[in-house]
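Subject: Handover of a structure and notes on it

Dear colleague,

Please find below the structure that I am passing on to you. My notes on it follow, and I would ask you to read them with the model open beside you.

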Amino acid sequence: MAVGVAHDQAVGRLRESYEQIPPGEPVRLAKRSSNLFRPRTEIQRPGLDVSKLTGVISVDPVARTADVQGMCTYEDLVAATLPLGLTPMVVPQLKTITLGGAVTGLGIESSSFRAGLPHESVLELDILTGAGSLVTARPEGEHADLFRMFPNSYGTLGYATRLRIELDRISPYVALRHVRLGLDALAPAVDEIVATGTYDGEPVHFVDGVAFSPSEAYLTLGRNSDAAVPTSDYTGQQIYYRSIQQRPKDFLTAHDYLWRWDTDWFWCSAAFGAQHPVVRRLWPKRWRRSDVFHKIVGFENRHHVAARLNRRRGQPDRERVVQDVEIPVARLADFLRWFDGEVGMRPVWLCPLRLRGDTSWPLYPLQPGETYVNVGFWGTVPIAPGAADGDVNRRIEQAVTDFGGHKSLYSDAYYDRDTFNQLYNVAALDKVKKRYDPDARLTGLYEKAVTRR
């Protein structure tokens, strides 16, 4: 069957599933997996059938573009483009993040200091709206309002069925330098890389970093390379994030570089024992990946097995703190010191980014021309006696605002409605939502992000 015909049939199947949802009932995806860390209220109703919208429609290596179905994972997208020496402009760290999810939510990676965020490389996209219409949105034209409002809307305006995206060139290998810096040296180094595309005279095509403590932080600088030299392998017994402290230089295939964080879910696989040498040898490679770890977390969220065991041992309850926040680079050192003193989670991930274009996006208003650093921290902290669940997250949310930053909504949020509406420009969202979802079939952004509907 021709790819175009198969795509049309998949979209038809999606629209049929929309028609089967009773009028007035909420519209949600019938999707079994997710990279969200926001537990949602279960509903026993039919959902949108996106099961056939998971592939790459076409790749144009000359124009460096790809047409991709909305539920295609980056793992499958990269598998289609990498043999051509191409990659999406930004490849989020985890294999099962979908292209549509990264665009309607947020994605970030080590190319974001020059390539921005995934939605900035979208040329056009087809969206099934809350009203059941299929529209093609572009930067200009009839549906430009939907195009601009779609990023960070998290399915409140509709779902992408097809996206046309720009692609970037990538070499077969990536050479790495792990540069140790003090907290106060991070911002000047990032500024130099952003301004010149180099550091100490060498080109930089990728940059992220890790702060292991206030006295030990690293920037990892990646450079495209065609040289065929021996490469490291972090899918076996060796663990990538530990290598940052152990070796100043490294060399990976482009494939292994793009997925360097997935094998151990950054460092979070330690919570499941997967970094213990004996357990690691027994844990099959095919199950040592982020989506498997996410399912384990989902099981715990539903059944609270570990939480019950901790209580029996007399240990305090723990609060989940899973966040990614964007902090202006000039405030980075101060925020990291605050975070270490008030929260104390280590390590944390650092990833510089700038908007690729010269205009802001309504629902995630980063400032054009300003450099931010994504700070990612994922784990749990003890709940202090007398403190309410979410207390630590609320303090982080306030601190992010105080430091001039912004917070991604893929995980728990605790804002009151007025604060949330102001931070995420919900008034502008509501105007567009009235056009494309007049009957409010799709759940609102505050309801999704804060009340977990």
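Predicted model: local features only at pLDDT ≥ 70, side-chain atom pairs only at ≥ 80, totals over all residues.

In helix H1, the buried residues are His7, Ala10, Val11, Leu14, Ser17 and Tyr18. Viewed down the axis of H1, these buried residues fall within an arc of 115°, so they line one face of the helix.

What do the buried residues of H1 pack against? They pack against strands S1 (56-60), S2 (65-69), S4 (122-129), S5 (134-137) and S6 (158-169).

The length of H1 may also be checked. This helix has 17 residues (residues 3-19), and at 1.5 Å a residue it should span 24 Å. The C-alpha atoms at its ends are 25 Å apart, which agrees.

**Salt bridges**

A search of the whole structure finds 28 salt bridges.

The side chains of Arg247 and Asp250 meet in a salt bridge, with a distance of 3.4 Å from N to O. Arg247 counts as partly exposed because its relative accessibility is 34%. Asp250, with a relative accessible area of 8%, is buried.

Arg320 forms a salt bridge with Asp412, and the closest N and O atoms are 2.8 Å apart. This pair links distant parts of the chain, as the two residues are 92 residues apart. Arg320 belongs to strand S13 (residues 318-328), while Asp412 is in the loop between strand S16 (406-407) and helix H14 (417-423).

Glu397 forms a salt bridge with Lys407, the closest N and O atoms being 2.5 Å apart. Here too the pair links distant parts of the chain, with Glu397 in helix H13 (residues 391-402) and Lys407 in strand S16, ten residues apart. Both Glu397 and Lys407 are buried.

Tyr257 is found in helix H8 (residues 254-258). It is buried, with a relative accessible area of 1%. Which residues is Tyr257 in contact with, leaving aside its neighbours within four places in sequence? They are Ser110, Val174, Leu176, Phe206 and Leu252. Tyr257 and Arg337 are 80 residues apart in sequence, and their C-alpha atoms are 29 Å apart in space.

Asp437 lies in the loop between helix H15 (426-436) and helix H16 (445-449). Asp437 is likewise buried, with a relative accessible area of 3%. When neighbours within four places in sequence are set aside, Asp437 is in contact with Gly130, Ala131, Thr156 and Leu442.

Phe299, Val305 and Leu309 make a nonpolar surface patch of about 230 Å². Phe299 is located in helix H10 (residues 290-303). At 43% relative accessibility, Phe299 counts as partly exposed.

**Backbone geometry**

The peptide bond from Arg346 to Pro347 is cis, with omega near -10°. Pro347 is in the loop between helix H12 (332-342) and strand S14 (348-353).

Asn425 is a residue other than glycine with a positive phi, near 55°. Its place is in the loop between H14 and H15, and at 29% relative accessibility Asn425 counts as partly exposed.

Arg452 also has a positive phi, near 65°. Arg452 is in the segment after H16, and it is partly exposed, with a relative accessible area of 30%.

Yours sincerely

Notes: Residues numbered from 1 in each chain as written. Heavy atoms only, no water. Helix = DSSP H or I, 4+ residues; strand = E, 2+ residues; numbered from the N terminus. Expected span 1.5 Å × (residues − 1). Buried < 20%, exposed > 50% of the residue type's maximum accessible area, 1.4 Å probe, protein only. Arc of directions from axis to C-beta. Contact = heavy atoms within 4.5 Å. Patch = residues over 30% accessible without salt bridge, like charges linked within 9 Å, V, L, I, M, F, W, Y side chains within 5 Å. Areas by Shrake-Rupley, 256 points an atom, 1.4 Å probe, with all protein chains shown as cover. Salt bridge = Lys/Arg side-chain N within 4 Å of Asp/Glu carboxyl O.
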